[in-house]
Amino acid sequence: MANLEIREEIRKSRLFHYEIADALGVSESAFSKWLRSEMDAERKEKVIRAIETVKGAQDN
């Protein structure tokens, strides 16, 4: 399965795909397509930052 570390982080953080997609400025379906195949380093970094942003917003 592609992007296992990102999928695991989403699961551990108890986030929804739509929340991360919103933070990235893409549709939920586009984000789901991104997860299907291994992302390049730049896109992966953007997703990780979006996860951290959403987690930070939930903590406040």
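Contact here means heavy atoms within 4.5 Å. Helices (H or I, at least four residues) are DSSP runs, numbered from the N terminus. With those terms, His17, Tyr18, Ile20, Ala21 and Leu24 in H2 meet Glu28, Phe31, Ser32, Trp34 and Leu35 in H3. This is a predicted model, in which local features need pLDDT of at least 70, side-chain atom pairs count only at pLDDT 80 or more, and totals for chains, interfaces and linings use all residues. Residues are numbered from 1 along each chain as its sequence is written, and side-chain values use heavy atoms, with hydrogens and water left out.

**Confidence**

- The protein chain has an average pLDDT of 95 (the predictor's confidence in each residue, from 0 to 100).
- A pLDDT of at least 70 is reached by 98% of the residues.
- Confidence is lowest in helix H4 (residues 41-59), with a mean of 94, and highest in H2, with 98.

**Helix packing**

- Axes are lines fitted to C-alpha atoms, for helices over the stretch in contact, and angles run from 0 to 180 degrees between N-to-C directions.
- Angles under 35 degrees count as roughly parallel, over 145 as roughly antiparallel, 65 to 115 as roughly perpendicular and the rest as oblique.
- Helix H2 (residues 17-24) packs against helix H3 (residues 28-36) at about 100 degrees, and their axes are 8 Å apart.
- H2 is therefore roughly perpendicular to H3.
- The residues of the H2 and H3 contact are 7 nonpolar, 2 polar and 1 charged.
- For these classes, Ala, Val, Leu, Ile, Met, Phe, Trp, Tyr, Cys and Pro count as nonpolar, Asp, Glu, Lys and Arg as charged, and the others, Gly among them, as polar.
- Helix H1 (residues 4-13) and H4 have axes that come within 11 Å and cross at roughly 5 degrees.
- H1 is therefore roughly parallel to H4.
- On the H1 side, the contact uses Glu5, Ile6, Glu9, Ile10 and Ser13.
- On the H4 side, Lys44, Val47, Ile51, Glu52, Lys55 and Gln58 take part.
- The contact of H1 with H4 has 4 nonpolar, 2 polar and 5 charged residues.

**Aromatic pairs**

- Rings of Phe, Tyr and Trp (its six-membered ring) pair if their centres lie within 6.5 Å; planes under 30 degrees apart count as stacked, over 60 as edge-to-face and the rest as tilted.
- The structure has 2 aromatic pairs.
- Phe16 and Tyr18 are stacked, because their ring centres are 5.5 Å apart and their planes lie at 20 degrees.
- Phe31 and Trp34 pair edge-to-face, at 6.3 Å centre to centre and 65 degrees between the planes.
- Phe31 and Trp34 are 3 residues apart in helix H3, so about one helical turn separates them.

**Burial and exposure**

- Buried means under 20% relative accessible area, exposed over 50%, partly exposed in between (1.4 Å probe, protein chains only).
- Both Phe31 and Trp34 are buried.
- Tyr18 is partly exposed, at a relative accessible area of 41%.
- Leu35, in helix H3, is buried at 1% relative accessibility.
- Leaving aside neighbours within four places in sequence, Leu35 contacts Ala2, Asn3, Ile6, Arg7 and His17.
- Leu35 and Asn3 are 32 residues apart along the chain, yet 6.1 Å separates their C-alpha atoms.

**Backbone with positive phi**

- Most residues other than glycine have a negative phi.
- Asn3 has a positive phi of about 60 degrees; Asn3 lies in the segment before H1 and is buried at 0% relative accessibility.
- Arg14 also has a positive phi of about 60 degrees; Arg14 sits in the loop between H1 and H2 and is exposed, at 71% relative accessible area.

Notes. Helices (H or I, at least four residues) and strands (E, at least two) are DSSP runs, numbered from the N terminus.
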